[in-house]
Amino acid sequence: MKHLTLAAAFAMLALPAHAQDKVTLILDWFVNPDHAPIIVAQEKGFFAEEGLEVEVVAPADPSDPPKLVAAGRADYAISYQPQLHLQVHEGLPLKRVGTLVATPLNCLMVKADGPVQEIADLKGKKIGYSVSGVEEALVGQILKTAGLTMQDVEMVNVNWSLSPALIAGQIDATIGAYRNFELTQMRLEGAEGKCFFVEEQGVPTYDELIFIANPADLDLDRTRRLLHAVERGAQYMVNHPEESWELFSATAPDLKDELNAEAWKDTLPRFSQSPAALDQGRYARFEAFLHEAGLVDGVLPVSDLALDVGAQDMGAQDMGAAQ
């Protein structure tokens, strides 16, 4: 009986600390190097070691992920901090629970040999964009640095054809181009681009890509485990960049090309190494920026926009210790 008892005890010790929780994570776009820590965490088994079975889904429509999370049809989504502010003001039940890319990727892009060599040169020029709202607020702030206003430029909706429209000369600049992709894309198509980085032109810095969830359905423990696995993925990429690239690019045939290889290198230093951590000041400053730009009616407290799941964990531990 003693041997059976010991065997049972060892069997219990071998069990995972958590049952395999199934969760759905909707990406903001098709899989690309912006999502690398997630894919690496999946391929290295970090999610499984956290007791998670994560279904990573590329959306049919890039505008769908926040709506799916708000409707309770997905557990988490990858989205954008600037859009989160607007969506919460619109009444969507969403909160930031983690950070994937911790710096802006957006830039105002021009041809390196084109007519726009400095911001003042934008006077009388056409600026292409894909999504109205935040992009115009960014342009307005950038123009201010040269004493210009939105009346000095013409905004042109080019849908998602930013680089082609710029190369073809249909527009003189673009807003919404990602510095880690479009600059390389232009070069591969025989043109050289130049970026004016939004955070160097008076725009408050922000998290480009974030994890969002519906606070009504949020499981804090599961969220912490998800983000810990992503953190391990980001750390593994820094420690083993070549192995990580081989692991990532082997997951789909179309990832192993020059554009993605260059984007991988350009994005690597921008991933959050502490995805659960929250910079409250960053969200407060961007909320104030949007209010000043007239895109939101009031200023929401950071607690309405974002959650620090690590701090929530410490709070729970402190309460348990007090009891």
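The structure holds one disulfide, that is, a pair of cysteine sulfur atoms within 2.5 Å. The model is predicted: local features need pLDDT of at least 70, side-chain atom pairs count only at pLDDT 80 or more, and totals for chains, interfaces and linings use all residues. Residues are numbered from 1 along each chain as its sequence is written, and side-chain values use heavy atoms, with hydrogens and water left out.

**Stop 1: the disulfide**

Select C107 and C195, which the disulfide joins with an S to S distance of 2.1 Å. In general, a disulfide is a covalent bond between the sulfur atoms of two cysteines. C107 lies in strand β5 (residues 106–111) and C195 in strand β9 (residues 193–197), so the bond ties together parts that are 88 residues apart in sequence. Helices (H or I, at least four residues) and strands (E, at least two) are DSSP runs, numbered from the N terminus. C107 is buried, at 0% relative accessibility; C195 is also buried, with a relative accessible area of 13%. Buried means under 20% relative accessible area, exposed over 50%, and partly exposed in between (1.4 Å probe, protein chains only).

**Stop 2: helices α5 and α12**

Next, select residues 81–89 (α5) and residues 280–292 (α12), which pack at an angle of about 65° with their axes 10 Å apart. The axes are lines fitted to C-alpha atoms, for helices over the stretch in contact, and angles run from 0 to 180 degrees between N-to-C directions. The angle makes α5 roughly perpendicular to α12; angles under 35 degrees count as roughly parallel, over 145 as roughly antiparallel, 65 to 115 as roughly perpendicular and the rest as oblique. The contact (heavy atoms within 4.5 Å) is made by Q81, P82, L84, H85, L86 and H89 of α5 and R282, Y283, F286, E287 and L290 of α12.

**Stop 3: Q81**

Q81 is buried, at 0% relative accessibility. Leaving aside residues up to four places away in sequence, Q81 touches Y206, D207, E208, I210, R282, Y283 and F286.

**Stop 4: helices α10 and α11**

Finally, select α10 (residues 241–249) and α11 (residues 258–267), which pack at an angle of about 140° with their axes 11 Å apart. The two helices, α10 and α11, are therefore oblique to each other. To view their contact, display P241, S244, W245 and F248 in α10, which meet N260, A261 and W264 in α11.
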